[in-house]
Each structure stands twice: as structure tokens, then as C-alpha cells.
Amino acid sequence: MSKLRAAVIGCGRITSAYLPALKNIGPETVELVLAMDKQLDRAEKFAEHFPGCTASDMVDLISFKNLLREYQPDILHILLPHHLHCEYAVAALESGINVLTEKPIGISLMDADKMINASKKSKKQLGVIFQNRYIDGVERVRSLIQDGTLGAVKGAFSMLAWHRPPSYYDCDWKGNWMTEGGGVIIDQAIHSIDLIRYMTNMEAVKVQGHVARRVLENIEVEDVADAAITLENGAVYSFFACNYYTKNSPIRVEIHCENGTALLTADKMDISWENGENETILPSLCASSAEGENYWGVFHEKQIRSCYDALTRGTPMPWGPEDAKKTLEIVLSIYLSARISDSVTI
Ligand SMILES: NC(=O)c1ccc[n+]([C@@H]2O[C@H](COP(=O)([O-])OP(=O)(O)OC[C@H]3O[C@@H](n4cnc5c(N)ncnc54)[C@H](O)[C@@H]3O)[C@@H](O)[C@H]2O)c1
């Protein structure tokens, strides 16, 4: 496979990250052949950046499958509301198309299982975007933990304090349990949870969480959450997230180990070693960074490029859907724990 054919379904806000990413990856690597959205103008607006790309609003599942059959993309990017990830991913996989979906993999473990099974059955790949794993300092800390240099993980914490105005929820899926699957945890802070899993290389075994809707009035899901998440070695990860702060404060993700503490502030990593030495790892951002979301997470290009490389070489994409399902399981365990007012064992 020399040059990939790609299709996109869902041309909303997140295209601000995909547009520069696909442009930088370039027409010698990828040709965007099809952009789909139930709102034709959105599909057209995205397609017009890619010569020869067709825009379509024929997005019911039958028409969708017909379009895939007609345009034969090698990969479909799913940029849809959360509750739709599963049905479109399964339909694409069943049509013999590889899929790279936005996070979260779905809104339930059942969704995730259906997608994983469809991928296995079709022998087509399914990837899930967690672009912040590509932050340079994240990779460094993951290796330092894996090779034992940082020593055992003793504890972790993450804090997200962001601002989401009422207008952010002014659409037909955000702010609802049935369509978004939750609020600040599943949509924004899922990245922090995923980074703790990725860097520590440990799974959660117990979750005690609390969620509430305290400030934002036009949503039914949580706008604040906290949790004590016990990792498999007994270390406790303290989690906090809210999206009613006055601005998008830089996310903080910290891991305290025997030999040092790693603190990620937005995309800058500081490691303070117990011997008094300090190390800072700044991101070597991809060229698209200036045009994407500017507060956190401009690494879509890196993940998409890695996935394209893998497909071209016929190797597995950087991580599989089982991995993304584990992150979703922690998110859903916080919701369950809050609902039953008790801890949840994973
Ligand atoms: N990785 C990240 O950091 C990041 C950041 C933002 C959003 N996202 C993810 O991107 C996805 C989309 O989020 P968004 O903010 O762009 O949402 P959005 O509401 O702006 O866009 C969703 C688009 O899907 C379209 N749509 C809805 N139903 C459809 C259907 N049945 N068929 C075709 N199109 C349909 C809508 O018309 C809309 O244009 C979500 O999974 C979200 O979590 C990821």
C-alpha cells in the first residue's frame, strides 16, 4: 500500500486538529477521498481543503456502507458524538475498512466489546485517539518507570480545571448521559486518566468516586468529579476535574515515585529527582500545533502519522482498542461508584 485513501465522518469542532494534521502529513501519504457529516455544509467546508474529496450527508447506516463501498478508503476517521462511535465503527469494520476513532472508544463496555469483536472478525484494525501519549515528556517518564530508573510508583494525581461556557453544550449531544455518556470525566479528563495508565503501565483495581453538577445549568451530566483510584501496586491516584473554572488552566498530571516526581503541566514535563537534580522536557511540537486547540493536546498529527505508517507497513497501529477500553473502564467505574456511593472493584 503506497498511498492511503482516508475518509472522515463527523466534521465538527475537532476538525480544527485534523485539518492541519492531514495537510502536514501531505498528499504524498494520504488522500482524503470522502468527508461525511449529517450537516452537508460542514462536510463541504472540510472537503474543500482536499482536492478531489467528495462531501456527503448520506449518513444513515445503509448509505454510509454504500459510500464506503464506492470510495474504498483504507481508513475511516470517526469524529462523531460519543454514542455514535460504536455503530459507525462496527459498520465500517464489517465493510472491511480500518478505523481510527476519537476518544472515548464508546460510552459503555458493551460498545467497546462490540467494536473489538468487529475488528477481530473482520481482521481490520481499530485504533483510538489518545494523542497526548505523544507528548515528549510522557514517553520519557513512561520509559523511566518501565526501566525502573524512577523506582516504584508511590502515588499520582491529576487536576483539570477548565472553562466550558453554556454555549459549548448548545448542540444535540453534549451534556446528556445518553449521547455524551457523561460530562467532564468522559469528555475532557479521560486524557489525564489515560496518561496515568500509560505512564505508570499499571491498571486500576479499585475506584471510589464522586460526581456532581454544581455550576453549569444547561447540562444533566457532571461538571465536577473527584476520585481515589487504587493502582495494582496499591498506590493511590487522586483525580480531580471540573469544567466550571473561569479559564482553561493548564492540566497537571503528577506521578510520585521512589526516586523522583514527574509533573506534567500542559505539555511540559518536569522531573525532580530525589538526589536534587531536575530535568525539564519541552515538547518538540509537530508543525500543526499552532493551528490546533492551543491549550492542551496538539499531538493528533503524531498519532495519525503513526497509524498511517503502521497501515502502510502492515503492522499493528500503536495501541489497540482493548487498551482504550481499560481507560473507559476507569471512567465508568467513577460514575458507578458515585451512583452506588461505594467503591467499585475493577
Ligand atoms: N482528542 C481530543 O482531544 C478531542 C478534542 C475534542 C473533541 N474530541 C472528540 O471528537 C469527537 C467529536 O467532537 P466534536 O467536539 O468535534 O463534536 P461536534 O459536535 O463539534 O461535531 C460532531 C459532528 O458530527 C456530526 N454528526 C452527528 N451525528 C452524525 C451522524 N449520524 N452522521 C454524520 N455526522 C454526524 C455533527 O453534525 C457534527 O458536525 C468526540 O468523540 C470528541 O470526544 C477529541
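**Close-up views of a predicted model**

**View 1. Helices α6 and α8.** The axes of helix α6 (residues 136–146) and α8 cross at roughly 40° and come within 7 Å. Axes are lines fitted to C-alpha atoms, for helices over the stretch in contact, and angles run from 0 to 180 degrees between N-to-C directions. α6 is therefore oblique to α8 (angles under 35 degrees count as roughly parallel, over 145 as roughly antiparallel, 65 to 115 as roughly perpendicular and the rest as oblique). On the α6 side, V138, V141, R142 and I145 make the contact; on the α8 side, L195, Y198, M199 and T200 do. Two residues are in contact if their C-beta atoms, placed from the backbone, lie within 7 Å. By class, this contact of α6 with α8 has 6 nonpolar, 1 polar and 1 charged residues. Ala, Val, Leu, Ile, Met, Phe, Trp, Tyr, Cys and Pro count as nonpolar, Asp, Glu, Lys and Arg as charged, and the others, Gly among them, as polar. Helices (H or I, at least four residues) and strands (E, at least two) are DSSP runs, numbered from the N terminus.

The model is predicted: local features need pLDDT of at least 70, side-chain atom pairs count only at pLDDT 80 or more, and totals for chains, interfaces and linings use all residues. Residues are numbered from 1 along each chain as its sequence is written.

**View 2. Helices α8 and α10.** Helix α8 (residues 184–200) packs against helix α10 (residues 321–340) at about 125°, and the axes are 9 Å apart. That angle makes α8 oblique to α10. α8 contributes I185, I186, I190, I193, D194 and R197 to the contact, and α10 contributes K326, T327, I330, V331 and I334. The contact of α8 with α10 has 7 nonpolar, 1 polar and 3 charged residues.

**View 3. Helices α4 and α5.** Helix α4 (residues 85–94) and α5 pack at about 5°, with axes 9 Å apart. α4 is therefore roughly parallel to α5. From α4 come H85, C86, A89, V90, L93 and E94; they meet D111, K114, M115, A118, S119 and S122 in α5. This contact divides into 6 nonpolar, 3 polar and 3 charged residues.

View 4. The chain is assigned domain 1 (4–128) and domain 2 (132–271 + 320–345). These bounds come from an automatic or database domain assignment. Taken over C-alpha atoms, the centres of domain 1 and domain 2 are 26 Å apart. Domain 1 gives 14 residues to the contact, and domain 2 gives 15. On the side of domain 1 that touches domain 2, α5 (109–122) and β6 (126–128) each supply at least two residues. α5 supplies the largest share of that side, 5 residues. That side of domain 1 divides into 10 nonpolar, 3 polar and 1 charged residues.

View 5. Around the ligand are 24 residues, of which G10, G12, R13, I14 and V59 come nearest. A residue is near a molecule or strand if its C-beta atom, placed from the backbone, lies within 6 Å of it. The shell around the ligand divides into 11 nonpolar, 6 polar and 7 charged residues.

**View 6. Two backbone details.** Most residues other than glycine have a negative phi, and most peptide bonds are trans. Q72 is not a glycine, yet its phi is positive, about 50°. Q72 lies in the loop between α3 (61–71) and β4 (75–78). K103 and P104 are joined by a cis peptide bond, with omega about -15°. P104 is found in the loop between β5 (98–101) and α5.
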